[in-house]
2 protein chains.
Amino acid sequence: MQEKGLLIVLSGPSGVGKGTVRKEIFSQPDTSFEYSISMTTRSPREGEVDGVDYFFKTREDFEALIEQDKLLEYAEFVGNYYGTPVDYVKETLDQGKDVFLEIEVQGARQVREKFPDGLFIFLVPPSLSELKNRIVTRGTETEDVINNRMTVAKEEIEMMNLYDYVVENDQIERACDRIKAIVVAEHCRRERVEPRYIKMLEVD
Amino acid sequence: MQEKGLLIVLSGPSGVGKGTVRKEIFSQPDTSFEYSISMTTRSPREGEVDGVDYFFKTREDFEALIEQDKLLEYAEFVGNYYGTPVDYVKETLDQGKDVFLEIEVQGARQVREKFPDGLFIFLVPPSLSELKNRIVTRGTETEDVINNRMTVAKEEIEMMNLYDYVVENDQIERACDRIKAIVVAEHCRRERVEPRYIKMLEVD
């Protein structure tokens, strides 16, 4: 009987560098989880490969998959669909492998509903923790800039609420190390480990 | 205003190798937490240094500290007291540094009551996960040996209940890596991080 893998969800405000961090993690040889490739209806950019960067689909195909409930999450941005095929995720978890998703916050909310036991990591821009300094050196910025920054920060902090972990993207390597540490730690959490031992004793 | 450090408690069944793992962690240059030295009334063994391995105290001094409520936890084993001085722990946490305790399970239970927010890590012997194999190859061991092993395993699994994390001591280096990953991850937990950001917004 195979123990299920962990579903790891990396998300965060747009522009925070989720894609860069994800690419760095998967370029490291000791990364032991599987990347779930997203599906999109947008055109491939130069150098992007179907089945590597994205699964590129027509709008008709994508909408058919929505109809058939074949997407774990999806959203529309500037006229294009983006989503996560559910079958790959479920099959890989069933094989006992950890699956890594890098998705937008709207998508993460949908995944949380379907996989409440997933491991949800929120990547925050370093500007959020620089906020205090910015306010202290208020004289150097206009009132409008400060107010705008405060509004954005409030939104970002409110988004955090859904997540288990918050990782600051101050340096890509450090952010990657923290994410990998979180996955190692999560595999040691008593709630996850204990049932395995209890099951051992049940054997007769 | 200084954020408090984490109290990290490493414990586990006697003989599991807590001391060896702790020494390995503190021999590594990148370890960023402070070791809380225990106090004991037993005599120093060869090579042991007062204030390094233990604080060696007389029975009278130790009992006076118990009276004055100056011990975070203590227990008596084979006629000797062992305990953790509380002042060092509190002062170091107040300085924002993480404090690491390596103590017996009875002590860990006392610490949990006083520091429910601490990070409690249970080190398990690899024999626990080998249990299943042992049962499968039952023919090679007597019924008594198996029954005894089962009883011990049940006790060990029951002890786990108090802890946040379970780390298997299959290899010292691997156990150390997992413990350090747990500390990194715990610093990223949303419940710990979020208040810091919320506080930033309160500045006016």
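**Salt bridges and a helix pair**

Analyst: Over all chains, the count comes to 30 salt bridges. Keep in mind that this is a predicted model.

User: What do the side chains of A:Arg59 and A:Glu63 form?

Analyst: A:Arg59 and A:Glu63 meet in a salt bridge, at 3.8 Å from N to O. They sit four residues apart in helix H2 (residues 59-67) of chain A, so about one helical turn separates them.

User: OK, chain B. Which residue does B:Asp170 bridge to?

Analyst: B:Arg174, with the closest N and O atoms 3.8 Å apart. B:Asp170 is partly exposed at 32%, and B:Arg174 is partly exposed at 42%.

User: Which residues do salt bridges with shared partners join into one network?

Analyst: A:Arg59, A:Glu63 and A:Glu76.

User: New topic. At what angle do H7 and H8 of chain B cross?

Analyst: Roughly 40°, with the axes coming within 5 Å. H7 covers residues 172-188 and H8 covers residues 190-202. Angles under 35 degrees would count as roughly parallel, so H7(B) and H8(B) are oblique to each other.

User: Which residues make the contact?

Analyst: From H7(B), B:Glu186, B:His187 and B:Cys188. From H8(B), B:Arg190, B:Arg192, B:Val193 and B:Arg196.

User: How many of those are charged?

Analyst: Four are charged, two are nonpolar and one is polar.

Technical notes
Residues numbered from 1 in each chain as written. Chains lettered and ligands numbered in written order. Predicted model: local features only at pLDDT ≥ 70, side-chain atom pairs only at ≥ 80, totals over all residues. Heavy atoms only, no water. Axes fitted to C-alpha atoms, helices over the stretch in contact; angles between N-to-C directions. Helix = DSSP H or I, 4+ residues; strand = E, 2+ residues; numbered from the N terminus. Parallel < 35°, antiparallel > 145°, perpendicular 65-115°, else oblique. Contact = heavy atoms within 4.5 Å. Nonpolar A, V, L, I, M, F, W, Y, C, P; charged D, E, K, R; others polar. Salt bridge = Lys/Arg side-chain N within 4 Å of Asp/Glu carboxyl O. Buried < 20%, exposed > 50% of the residue type's maximum accessible area, 1.4 Å probe, protein only.
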